[in-house]
Amino acid sequence: MDYMDSKEQILQKSAEAKEIFLPHISADPVIFGFDQNELKVLLVRMNYRKQWLLPGGFIRKDEDLDEGVMRVLKSRAGVNNVFLEEFAVFGKKNRSEFYFEDFDETLFQKQRFISIGYYALYNSADISPVMDDVSEACEWVYLRDLPTIELAMDHREIIEKALLTLREKISYKPIGYNLLPEKFTLSELQKLYEAILGKELNRGNFYRKIKNLGFLKKLDEQRRGGAHKSPDLYSFDEENYVKALENGLNNW
């Protein structure tokens, strides 16, 4: 799709949006995945301007906010059944208006929007991203590659704030249930924590602390195929994991 076609598409969407959506409020979900011992984030690239954005959107007049975010994720990226958590509100003036500078002030998308930031943790192997009709791509992008790509509006700030929130949360809430496969090694769990925190952890201290939390189940299986001793496999004890989510990590 060329520039003029994409611009016409936005004009058509604007007319529809004025009838369907609430003015001045939007939602931007940050979906984190974990792969190859690294964090990545789900992004879309619009036909217009060819810049990368979070798969966010507007809220219908007849739906709850959380309901609207789930609808947006499904329509823009093909994401279903993901647990989302609010983490911040973004309301700087002109945060999105410049993106639509080629349009006049009557464009729905060019109005001032305050955005609710959500984040989610998801096993990227369970998601096959699907782009919508206003995008030319919907892909996982590793966090290490974000400095090399052009992100629109304030979406880089939103991602950075989501990561900071995740790092703060990891100190008092368990992390990993939605990011790791059903069976995993302690080394794989440690690499996940290191990817989130952005630093290396002492293996002995990490193993001792994580085992004392009580939400891991050691399985009668080992990870086969490596050149070294086959490590034990673990899974999450769902009941104890939920309790830790509710009550916090007292001994971390």
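Which residue's side chain does Arg 95 meet in a salt bridge? The partner is Asp 28, with an N to O distance of 3.6 Å. This is a predicted model, and it holds 17 salt bridges. Three of them are described below, by pair.

**Arg 95 and Asp 28**
- Arg 95 and Asp 28 are both buried.
- A network of salt bridges joins Asp 28 and Arg 95 with Asp 154.

**Glu 38 and Arg 144**
- Glu 38 and Arg 144 form a salt bridge in which the closest N and O atoms are 2.5 Å apart.
- Because Glu 38 is in strand S2 (residues 38-46) and Arg 144 is in the loop between strand S7 (135-142) and helix H3 (155-169), this pair ties together parts that are 106 residues apart in sequence.
- Glu 38 counts as partly exposed, at 23% relative accessibility.
- Arg 144 also counts as partly exposed, at 48% relative accessibility.

**Arg 45 and Glu 136**
- A salt bridge joins the side chains of Arg 45 and Glu 136, at 2.6 Å from N to O.
- This pair links distant parts of the chain, with Arg 45 in strand S2 and Glu 136 in strand S7, 91 residues apart.
- Arg 45 has 22% relative accessibility and so counts as partly exposed.
- Glu 136 is partly exposed, its relative accessible area being 31%.

Terms used:
Residues are numbered from 1 along each chain as its sequence is written. This is a predicted model: local features need pLDDT of at least 70, side-chain atom pairs count only at pLDDT 80 or more; totals for chains, interfaces and linings use all residues. Side-chain values use heavy atoms; hydrogens and water are left out. A salt bridge is a side-chain nitrogen of Lys or Arg within 4 Å of a carboxyl oxygen of Asp or Glu. Buried means under 20% relative accessible area, exposed over 50%, partly exposed in between (1.4 Å probe, protein chains only). Helices (H or I, at least four residues) and strands (E, at least two) are DSSP runs, numbered from the N terminus.
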